[in-house]
Amino acid sequence: MVKEFNYDLVVVGAGPAGSSAAYSAAKLGCKVALVEKEKVVAETVRTSGVTWIDYCDEFGIPKECYNPIRTYKFCSPKNKVEITQETPNAAVLDVRKTYRFLAEQAKENGVDIFLDTTVNDVIKNDGKLSGIRAISMNEELVFHSRIVIDASGFASVIAKSLGIVNQWERFGVGAEYEVDAENVEADSWWLMIGQMYSPAGYAWIFPVSKKRVRIGVGIGKPESDVDPTKRLDEIIADKLGPIKDLGTITNKEFHYGLIPNEGLTRKTVYDNLILVGDSAGMANPLVLEGIRYAIKYGRLAGKVSAESLNSGDTSEESLERYEHVWKKEIEIKINSAHKVQKRWLNLTDDEWDKEIEIISQLTADEFLDFVRADFSISKIIKLATHHPKFAVRQLFNIVRGG
Ligand SMILES: Cc1cc2nc3c(=O)[nH]c(=O)nc-3n(C[C@H](O)[C@H](O)[C@H](O)COP(=O)(O)OP(=O)(O)OC[C@H]3O[C@@H](n4cnc5c(N)ncnc54)[C@H](O)[C@@H]3O)c2cc1C
């Protein structure tokens, strides 16, 4: 027996993008189903959870969901730099607490959450998307809906079922241990750069609390075929760089995941369909962070869906406003960040020793804009032409494309 449901909107995936989309559409009066394959939201953690406190405030994420960071440390094989601020601006999320908070917010606004339910196909009416098929505990479920939001992350299940996208070809693979450590600087993070850490990417230490950190390695594909888990085990066994200062460490949990790194190559609206979050390839390429975009544009996807549903027009033209808004806000930033990423991928260890010296010449605010890829064209031009440090002007000339 197939169980059938009728909704205005079905959202696939209860990650940050999906929960946020479901929440904002339900808040505007839509009947929404949020379908998640795991048994509980964020059962598996696939992210390091670094984000920014101003965004947390904007999203209403409670302070107990994150650990604030105010010192940013970098090391290359022979150099290290440190940038400190009075007030913390970065945050390392308690990923489960945050993602569950977002899902709970959706539920409180009337969203029906279907857990342990794996979406495996789409349904169509007159050739147009009209819902999804899923399996839950060997039972087949069919959800009829006027709009589907694909928030299934890297997998992009709906877009793939429709044959409108191919598997990402450029992506990052990350492996990370959450560990208890003897010596933790709870308000400082480390980014570790150079061949010995990652041949195409970086390694990190992100503190979650006064006694716990996440140590990870991210590697870009297809640039390198190194296995991040193997490299992570090696750098921990060798106690490379700042890892040795952590003292004795005890592994608590292993995290592993994939993140698209192709820039904004995908179209994100079709008749009755929106792609958001990793499914749309929305991530800051400099450090491959996508959580804030997933939440922000998840909410936008839910809002535009609700408006289109209310107007009775769920065509691509009607949903187009969603893509127009998010591209206007981040397309230039992401493209500029890709230019820096391209430069970084080609740096030798010696060049990295010099590059982090340039980064140290940025003020704390400039550094944060830089690492967050929050540079508007006017900011880039100002830094490229007027920054007092020559090397910084050169760096921003690259960002500008000069
Ligand atoms: C190793 C690593 C480290 C990262 N570190 C950071 C970081 O520090 N900061 C940052 O901002 N970003 C980071 N990212 C990126 C960030 O995790 C993503 O950009 C973000 O999770 C995107 O959210 P999303 O909701 O689009 O997708 P996801 O978080 O991947 O959520 C997708 C959801 O869909 C569900 N799903 C998938 N398939 C199906 C299906 N068939 N049926 C039903 N449900 C399904 C999944 O179970 C999941 O819950 C990192 C990524 C990786 C891989």
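## The main core

The largest nonpolar core holds 120 residues, and Val12, Val32, Ile149 and Val276 have the most contacts inside it. Here a nonpolar core is a set of buried Ala, Val, Leu, Ile, Met, Phe, Trp, Tyr and Cys residues joined through C-beta atoms within 7 Å. Buried is 20 or more other C-beta atoms within 10 Å of a residue's own, exposed is 12 or fewer, and partly exposed is in between, with C-beta atoms placed from the backbone. Helix 6 (residues 291–311) gives the most to this core, ten residues. Helices (H or I, at least four residues) and strands (E, at least two) are DSSP runs, numbered from the N terminus.

Keep in mind that this is a predicted model: local features need pLDDT of at least 70, side-chain atom pairs count only at pLDDT 80 or more, and totals for chains, interfaces and linings use all residues. Residues are numbered from 1 along each chain as its sequence is written.

What does valine 276 touch, leaving aside its neighbours within four places in sequence? Its contacts are Ala17, Ala21, Ile149, Ala151, Ala294, Tyr297, Gly298 and Ala301, where contact is C-beta atoms, placed from the backbone, within 7 Å.

Axes are lines fitted to C-alpha atoms, for helices over the stretch in contact, and angles run from 0 to 180 degrees between N-to-C directions.

The other open sheet has three strands, ordered 3-7-4, with antiparallel pairing. Strand 3 (50–52) and strand 4 (66–69) are its edges, each with a single partner strand, so one side of each is left without a neighbour in the sheet. Its twist averages 35° from one strand to the next. Four bridges join strand 4 to strand 7 (residues 90–93), and proline 68 has alanine 91 in strand 7 as its bridge partner.

## Around the ligand

Of the 39 residues around the ligand, Gly15, Gly153, Gly174, Gly277 and Gly290 come nearest; the cut-off is a C-beta atom, placed from the backbone, within 6 Å. Elements giving two or more residues to this shell include helix 1 (16–27), strand 9 (118–125), strand 12 (171–181) and helix 6. By class, the shell has 16 nonpolar, 16 polar and seven charged residues. Ala, Val, Leu, Ile, Met, Phe, Trp, Tyr, Cys and Pro count as nonpolar, Asp, Glu, Lys and Arg as charged, and the others, Gly among them, as polar.

Most residues other than glycine have a negative phi, and most peptide bonds are trans. Serine 156 has phi near 45°, and with 27 C-beta neighbours inside 10 Å it counts as buried. Asparagine 272 has a positive phi of about 65°, and lies in the loop between strand 17 (269–270) and strand 18 (273–275).

The peptide bond from lysine 221 to proline 222 is cis, with omega near 5°.

How values were computed
Contact = placed C-beta atoms within 7 Å. Pairing = 2+ DSSP bridges.
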